[in-house]
Amino acid sequence: MHKNRLILVSNRLPFKITERNGRIEFLPSSGGLVTSITSYVHKKNSSSGFDQSDCPIWVGSSDIGKRYFYEHFPNEGVFHDGYKLAPVHIPASMHDKFYNGFCNDTIWPLFHYFPSYAKFVDEYYDMYQKVNKLFCEKVIEIYEPGDIIWIHDYHLMLLPALLRKKLPNATIGFFLHIPFPSFELFRLLPSRWRREILLGLLGADVIGFHTNDYVQSFLKSIRQILGYDNMLRVVATPERSITVDVFPISIDYHKFNDALLSNEIFTEKNKIKKRLYDAKLIISVDRLDYAKGLINRLESFDLFLSKYPEYKKKVVYILLVVPSRDIIAKYKETKSDIEGVVSRINGKYGGIGWTPVIYQYKTLDFKKLLALYTAADVALIVPMRDGMNLVAKEFVASRSDRRGVLILSETAGAAAELGGAILVNPNDRLEIAESLNIALSMPVEEQVHRNDTMRTRLREYDVMKWAEDFISQLLERKAKQETLKVKEVTGHTENSICINYSKASKRLLFLDYDGTLVPMAAFSHQAVPDKNLINLLTALAEDKKNDIVISSGRTMDTLEKWFGHIPVHLVAEHGAFYKGHGMDWLQTIPVGSGWKPAVIPIMSQFTDRCAGTWVEEKNLSVAWHYRNAEKDLGFLRSRELVNALLELSSHLDFQIIEGKRVVEAKARGINKGVAAAVWLKENQCDFILAIGDDKTDEDLFRVIPASQYSILVGLKQSRAKYNFKQQQDVLDLLDKLNRL
Ligand code: GDG
């Protein structure tokens, strides 16, 4: 029986597959993504009883050629270390422009706040699209309904939407391992690219980031570029609702905490200590990358030695740099710069018997790495920018002796969780130099105190929690979408509406105007009903069995001007006034407008502070429209306005309602539901249909009997019984009813 499998997708497989002496070898890849996911998968496999038929599938590019791979694994079924591996073969001709080009020469520098390093080359982006399509084909080939697809990182930002197009019902999560930059940086991408990247990501059901800052930058970018707002980090696109949230990646805490229990690590650690004699040890572990700020770090160490000469011969800095992307020009440059600075420092301060910086350009095995972590007095982890930085977490977790001091950049994602570290600005060499002095002379009790708080956090939110949290949010979002989908008007629902409409002897139709009968326009005066709409409404209203009520937030005058000449009934100002066809306007309930003089000046003030907004005064309501304001500022000001009005509404007789880019104050007690009651009471109807698109229509939906029909335009949670995907669906349905 098919189980819900996990399909992991990332640029690379978790192993380098190579051939040695005719035998295939699997070498684990280093790097944060693989370390974390593998810890999660191993724990999961061991707790659930490992079963190959149901183990996670990892889709990623492989170094080994396609032909070679098929010769060794003819049916492509290769299992290793708890995974089934599904390689994507990226031809060498494509790989360079995709990986070295768009991924690492455009996105990486831009997202790490090195915009001047970013290259904007059309061919790179074209190749990025092509490679994302190759990944899409591979996932589709192996996908089975019920699978959970979890896509990782910046190499595959177009993939969620590509998959969504082919697998509309699939459960798709996306996690970004690097920072999501501020909007001002993101917008540097050419318009088409940035739109496609955002839409690409929005193909997922859950989009995860390491920190709240990255979430906010992403939400701002989709608001500014695509016009999508969010409600408590849920983004409603016309098609689906998507969760955008914080999931700070973590580590397998116990694997690191138990390090000192291993004899080998313990012995190796002591060997390091012995070689240092009495000198204190500073360490850092980073992939070769300009974003890791290695030059700055070395220069800070230089400054430290010159400011605190008493540390000469008493401190050693082991700088471990893990080889990475060294065919890219900027990385080559970084490597030779590092080597230059290391020699300069060693030449300047060192001598026989003391080398201040011990530089190693290699990958250590796990035990040697842990020996280094546990031998250190100080971990100097000060990248310029880092999505998270797992080394910082690993260092703290490995210190079951509760000793050691972490110096960490405030611009690394990990800083949000590791408050016990000495946080520094990575550009401030003096601050780093001073921090080294503070760290090296920190009393043991303070070290213990700082480490304890961080270790508790790491123990409680480990990599299992991270992955489980992500997957459970993904399943939850999917379930919420399903409940909405169930409500979407299907062919079957439409048939039942038509049948009941035909059978009925007395029908009542409540129709909202803006966003329901006409699309939303830039200015409210532009949303004039056209001839087709007037003809359609007239035809429906002329049927003696029908009562058509246009229920709008518009003023009496506007509705009169547009619809006064056709046999429909009208409700103005969200229910404040109503008018039966051929009759006079009446006020629905006796409420006053004495609060208006207090509200209008506040709204006008906000108009002064936010260009493109305007105040519309009606009889029993006042609206502040911000649909033409700069999107982000408009939204921000609307929050402030709501706050200011809320305070006032506690002692004046009005209430606040929010519509699509409008904040409205209206006399307390009136709403579309109250006005609808006039017709519901008077008419004995056997068919009722209410359609609206806004929050103000929820009051209308509330009074519609459960056996009848209410429809919200847009796939959002609502009191309405059903949802339409788009405004045009309303006209199509009315047209159908008219033809019956
Ligand atoms: C990206 C983001 C984010 C390093 N050297 C050796 C070695 N490592 C392991 C470490 C750690 C991992 O590699 C490095 O992870 P980082 O998080 O520090 O950095 P990136 O590779 O740049 O990862 C980063 C991460 O994704 C996860 O989302 O934190 O911000 O850039 O696990 O232990 N492992 C071994 N020998 C080494 O020499 N065995």
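**Domains, ligand shell and a buried histidine**

Tutor: Twelve residues of domain 1 are in contact with nine residues of domain 2, where contact means heavy atoms within 4.5 Å. The model is predicted, so local features need pLDDT of at least 70 and side-chain atom pairs count only at pLDDT 80 or more, whereas totals for chains, interfaces and linings use all residues. Residues are numbered from 1 along each chain as its sequence is written, and side-chain values use heavy atoms, with hydrogens and water left out.

Student: Which domains does the assignment of the chain give?

Tutor: Domain bounds come from an automatic or database domain assignment. Here the assignment gives domain 1 (6-90 + 129-246), domain 2 (253-458), domain 3 (488-589 + 670-739) and domain 4 (596-667). The centres of domain 1 and domain 2, taken over C-alpha atoms, are separated by 31 Å.

Student: How many helices and strands does the chain have?

Tutor: Helices (H or I, at least four residues) and strands (E, at least two) are DSSP runs, numbered from the N terminus. The chain has 25 helices and 30 strands, and its C-alpha trace spans about 105 × 65 × 45 Å along the principal axes.

Student: How many residues surround the ligand, and which are the closest?

Tutor: A residue is near a molecule if one of its heavy atoms lies within 4 Å of it. The ligand is surrounded by 24 residues, the closest being His177, Leu364, Asp386, Leu390 and Glu394. Domain 1 and domain 2 each contribute at least three residues to this shell. At least two shell residues come from each of α1 (32-48), β13 (280-287), β14 (315-322), α13 (366-375) and α14 (390-398).

Student: Which polar atoms lie by oxygen atoms of the ligand?

Tutor: A polar contact is a pair of N or O atoms within 3.5 Å; within protein, one must be able to donate a hydrogen and the other to accept it, and residues adjacent in sequence count only if both atoms are side-chain atoms. A polar side-chain atom of histidine 177 lies 2.6 Å from a ligand oxygen, and one of arginine 287 lies 2.8 Å from a ligand oxygen. For glycine 387, a backbone N or O atom lies 3.0 Å from an oxygen atom of the ligand. The protein covers 91% of the 730 Å² of accessible area that the ligand has on its own, by the Shrake-Rupley method with a 1.4 Å probe.

Student: Is α13 mostly covered or mostly uncovered?

Tutor: Buried means under 20% relative accessible area, exposed over 50%, and partly exposed in between (1.4 Å probe, protein chains only). In α13, seven of the ten residues are buried, among them Leu369, Leu372 and Tyr373. Their cover includes α9 (253-257), α10 (263-275), β13, β14 and α14. At the N-terminal end, aspartate 365 caps α13, with a side-chain oxygen 3.1 Å from the backbone nitrogen of lysine 367.

Student: Where does histidine 625 lie, and is it buried or exposed?

Tutor: Histidine 625 belongs to strand β25 (residues 621-625). Its relative accessible area is 6%, so histidine 625 is buried. Its side chain makes a polar contact of 2.8 Å with that of glutamate 616.
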